[in-house]
Amino acid sequence: EELQVASRDISASSAQLTAFVKNQGLASEGATDVISSAGKLTQASHALLLRIREAQNLALSRVALENFDSLSETQGKKLVMATQVEVLRLEAALEKENKKLMDLRKRFHTEL
């Protein structure tokens, strides 16, 4: 959780820096570099937050598989939400592959 807070702080600070540079109307090369670097830092912070959440969900699911009784109510709700998200992701992937399969079958049958 501390890593998440730190990452959010970094992201917010880089966004503030970008806004400051833009509002000051600084058009120098240095200002452009600062804006570009701040944007990259913000993207990296968001990616880090995503990976942290994934790691937390994975750790939570491993614990949950061993013993549901050891989960707090909050952890249980997080596990339910993470599982629902994963189910939706898998359903979307399945739907995409089914469409691909139908297209392949149509193409194969029309060539005969």
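## Terms and basis

A residue is called buried under 20% relative accessible area, exposed over 50%, and partly exposed in between, as computed with a 1.4 Å probe on protein chains only. By that scale Asp103 is partly exposed, because its relative accessible area is 37%.

The model is predicted, so that local features need pLDDT of at least 70 and side-chain atom pairs count only at pLDDT 80 or more, while totals for chains, interfaces and linings use all residues. Residues are numbered from 1 along each chain as its sequence is written, and side-chain values use heavy atoms, with hydrogens and water left out.

## Salt bridges in the structure

Searching the whole structure gives three salt bridges, the term meaning a side-chain nitrogen of Lys or Arg within 4 Å of a carboxyl oxygen of Asp or Glu. Side chains of opposite charge can pair when their charged atoms come close.

## The pairs along helix α3

Helix α3 covers residues 73-111; helices here are DSSP runs (H or I, at least four residues), numbered from the N terminus. Lys77 and Glu73 both belong to helix α3, four residues apart, about one turn of the helix, and their side chains form a salt bridge at 3.3 Å, N to O. Glu73 counts as exposed, at 59% relative accessibility.

Arg89 and Glu86, three residues apart in helix α3 and again about one turn, join in a salt bridge at 2.5 Å, N to O. Arg89 is partly exposed at 47% relative accessibility, and Glu86 is partly exposed at 36%.

Lys99 pairs with Asp103 in a salt bridge whose closest N and O atoms are 3.2 Å apart; about one helical turn separates Lys99 and Asp103, because they are four residues apart in helix α3.

Conventions. Helix = DSSP H or I, 4+ residues; strand = E, 2+ residues; numbered from the N terminus.
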